[in-house]
Each structure stands twice: as structure tokens, then as C-alpha cells.
Amino acid sequence: VTYFQFYIVEEIIMKGKLYGIGVGPGDSELMTVKAARLVGEADIIITPKTEKKDGSVALNIAQPYIQDHTEIVPVVFPMVFHAETLSDAWLEAKNIIVSYLEAGKNVVFLTLGDPMFYSTYMYVYRLVENTGYEIETVPGVPAFCAIGSHLGYPIVEKEEVLAIVPATASKEKIDAVLAVADDAVIMKVYKNFNEVQETLVKHNMADDAVMISRVGLPDEEVYIGLDQMPADTKLNYLSTILAKRKDR
């Protein structure tokens, strides 16, 4: 083995690997076996945070599997991502992750639900995917799947068409989608519940709808039948609605 060959092998071995891990909606036992194992083996765990909030729900969910040797690193990820004009904060977040990978550390990035479903991790993945480091993404249970099972509420069946809609979309877009869907999952219901409620009522989907805030967490709240709920109900960011059209 030449010195050059040894050097190349050493470089490959020394580089760490990035794992994007979905921790599910709230119950630690809903994490996959693989996710729990990788969290337990991690050198570094990255916990995303915004400038406005401390703490991490995803970290709390994964906590039973974290070992003493693992370093927890909170990193600020701005809520807005523009690939064309990355902010200094996003570049700094990328550099932090890459610095650990370059040092040979295996890095776990925790995310609620599934990493490829309305997750900050998707943007992290795009930033790191062409930098030469190995990446593995581990799926997690999305909140709406957990809610359906938790409440015995079939999400979609037979030839029904399911729409998944962020409540942060425009009222016009939500209205257009619900007009043609048989069933709906409405995510991120926290700022404009009144508009979402109006649209569900309009399309005959409100009275049998269910909503859970923070499913699987100790402070979980369940709402059944949304047509009679006060329009100014204050909801947590982690609120999801399941709805079915009654006339189909």
C-alpha cells in the first residue's frame, strides 16, 4: 500500500456521516428502531431552533435514546429559506454541520414527524448533499398518521382522494383544494383557524372533522367536530386537522 493510497483511505474513514432522523409526532415509542439506534450512536445531535424560541420538542422526544457521550448542539435555522440568496444564518448552520463531518463526527439532525415532510431538514439536505459527505435519511411517523390511529379515524379509503394542505397557504388555494378532495389533512393550523374553519364548513367537511394539538405529548388536546368551535380558538403550532366530506 502506497502512502498516497493510505492517505486516501484515511480521508474517507475520517469523514463523518449526516443522518436526518424523523422522531415522529410526540411519543418516543413511535420512533423507529433504526432511528433510536442511530440517535444512541451519534457523536453530535443537531437540534434546530428559531431565533425566537428555546428548547426542542424533537430533542425531548429522542431523549430516552441519547447517550452520555453525545454532544447536543442547538443551531439557529431561520424560518425562511431561499436557495438563491442564502442568509448568513443558513450558511453558518451549514458550516457548523460540515465542520463536525470534516472532523469525522457522525451527526444526527432531529426533525419532528418525517424528514421529507414539511421539515427544515429538507433544506439542510440540499445544502450538504453536494459537498462530498455521506447522508442517510431515516423516515418518521407523520402527525396525521398518528392522529388517525390514535382516534380510530380512517384517513382515506377506497377510491377517495386525499389532499394534504398547509393552513399557512392562501385562503383561495385551500378553498380550491378542498373543493375537489374527498378527505383532507390540514397542517400547521395555528394562526388562521377561523379561515380554515369557514372553508371546511363551506365544503361540508367541518362537523365530522377532528383536530389534535401536540399529539402524543403530555399536553395533547383533542377537538372533535370543528363546526361549533369558537373561531378565535388559540392553537399550538403543532395542530393538525383530519376532515372528510359528508356528501360523498
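Q: Which residues does Val-215 touch, not counting those up to four places away in sequence?
A: In this predicted model, local features need pLDDT of at least 70 and side-chain atom pairs count only at pLDDT 80 or more, whereas totals for chains, interfaces and linings use all residues. Residues are numbered from 1 along each chain as its sequence is written, and side-chain values use heavy atoms, without hydrogens and water. Contact means heavy atoms within 4.5 Å. On that basis, Val-215 touches Pro-25, Gly-26, Ala-143, Ala-146, Ile-147, His-150 and Glu-220.

Q: Is Val-215 buried or exposed?
A: Val-215 is found in the loop between β8 (210-213) and β9 (221-224); strands (E, at least two residues) and helices (H or I, at least four) are DSSP runs numbered from the N terminus. Buried means under 20% relative accessible area, exposed over 50%, and partly exposed in between, with a 1.4 Å probe and protein chains only. Because its relative accessibility is 7%, Val-215 counts as buried.

Q: How far apart in space are Val-215 and Ile-147, C-alpha to C-alpha?
A: Ile-147 is among the residues that Val-215 touches. The two residues are 68 residues apart in sequence, and their C-alpha to C-alpha distance in space is 6.8 Å.

Q: With which side chain does the side chain of Lys-17 make a polar contact?
A: Lys-17 is placed in strand β1 (residues 17-22) and is buried, with a relative accessible area of 14%. Leaving aside neighbours within four places in sequence, its contacts include Leu-101, Lys-105, Val-107 and Ile-135. A polar contact is a pair of N or O atoms within 3.5 Å; within protein, one must be able to donate a hydrogen and the other to accept it, and residues adjacent in sequence count only if both atoms are side-chain atoms. At 2.9 Å, the side chain of Lys-17 makes such a contact with the side chain of Glu-136.

Q: Which residue of β4 stands opposite Ile-45?
A: Strand β2 (residues 44-49) is joined to β3 by six bridges and to β4 by three; both pairings are parallel. Towards β3, Pro-48 stands opposite Val-75 and Ile-45 stands opposite Ile-72. In β4, the residue opposite Ile-45 is Val-108.

Q: What is the angle between the planes of Trp-90 and Tyr-123?
A: Rings of Phe, Tyr and Trp (its six-membered ring) pair if their centres lie within 6.5 Å; planes under 30 degrees apart count as stacked, over 60 as edge-to-face and the rest as tilted. The structure holds five aromatic pairs. One of them, edge-to-face, joins Trp-90 and Tyr-123 at 6.1 Å centre to centre, with an angle between the planes of 85°.

Q: How many residues apart in sequence are the parts that the pair of Trp-90 and Tyr-123 ties together?
A: Trp-90 is buried at 2% relative accessibility, whereas Tyr-123 is partly exposed at 28%. Since Trp-90 lies in helix α4 (residues 88-102) and Tyr-123 in helix α5, the pair ties together parts whose separation in sequence is 33 residues.

Q: What percentage of the residues of the protein chain count as buried?
A: The chain has eight helices and 10 strands. Among its contacts between residues at least 6 apart in sequence, 71% join residues at least 24 apart. Of its 248 residues, the share that counts as buried is 45%.

How values were computed:
Two strands pair if DSSP finds at least two bridges between them.
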